[in-house]
Amino acid sequence: MPTEEALIAMYQATPAADMLYRFEDNAAWSSARRQLLLRHRPETACKVLDIGCHTGDFLAGLPSAWQRHGIESAHEPIQVARDRHQVEIIGDRLGSTDPGWAGQFDAVTLFDVIEHLPDPATGIGLAARFLKPGGILLLSSADMDAWTWRWLGAGHWYLQTPQHLSVVSAKFLQHVARQLGLRIGQVQRIPHRHAPLRVRFRELLEARYWGLRRRSGWYRLPHRLLQSMPGLRDLRHRQSVPWTMTLRDHLLASFESKAG
């Protein structure tokens, strides 16, 4: 695991061009917006905090009347979020933000953030403190219960990034909700990004192939069969785990703070 100092340096140097998505392609963003719109009308002054907001693209996809706030440590993306999307940055790290912001937000979002924390339960607690009574916290991350994690294990693509320190599950999130006194709502399995069926099917085959390749015994037979099929012969030249971003190996969970 990288040291805290090394991690901070990595995040601060992240360029704005990294981690850019079309809004509708990002499964967590599009699902979260639907949930928020079910709770708040577009013309209301809903106050939203996106933790790890990067360039503010998720916030920019919300209704214009909503108030946009973010927490971000990367220098270049902060400027884009402020200048292009009018995001008010309230801090650079989850644990070092001014406590005066506690209880100020109708909604708090953590998209692909919790895996960066060595103690995800503490991170969820820190995020929940920003909620108003009855506010909603939306969290997306990798789902350890997905079949790709059981099949690929430590060879899963989400572990190829050195900043990814933790992997969670629905059962873990339910436990954390009880510990923090939050009501957990829907936990839905989602892909990292949406894509056409042909792309998802190709990634499914690549994941199956990579898992077979790492096994021995009778697994070698379907391994050889797959790499001999027309259109799949290039698999034999693969040297690294496939980044199967369109398979449903992530989750989106909602938590609600209890009304005062």
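A: Buried means under 20% relative accessible area (1.4 Å probe, protein chains only). Here that core has 26 residues, and L49, I51, V108, F130, L137, L173 and F255 have the most contacts inside it. Two or more residues each come from β1 (47–51), β4, α5 (120–128), β5, α7 and β7. Another core, of 23 residues, lies apart from it and includes L59, W66, I78 and A81.

A: One caution: this is a predicted model, where local features need pLDDT of at least 70 and side-chain atom pairs count only at pLDDT 80 or more, while totals for chains, interfaces and linings use all residues. Residues are numbered from 1 along each chain as its sequence is written, and side-chain values use heavy atoms, leaving out hydrogens and water.

Q: Which residues is V108 in contact with, leaving aside its neighbours within four places in sequence?

A: Contact means heavy atoms within 4.5 Å. V108 touches L49, I51, A127, F130, L131, I136, L137 and L138 in that sense.

Q: And how do I read the sheet?

A: Strands of a sheet pair through backbone hydrogen bonds, either parallel or antiparallel. Strands are DSSP runs (E, at least two residues), as are helices (H or I, at least four), numbered from the N terminus; two strands pair if DSSP finds at least two bridges between them. This open sheet has 7 strands in the order β3-β2-β1-β4-β5-β7-β6, with mixed pairing. β3 (88–91) and β6 (183–190) each have a single partner strand, so one side of each has no neighbour in the sheet.

Key
A nonpolar core is a set of buried Ala, Val, Leu, Ile, Met, Phe, Trp, Tyr and Cys residues joined through side-chain atoms within 4.5 Å. Buried means under 20% relative accessible area, exposed over 50%, partly exposed in between (1.4 Å probe, protein chains only).
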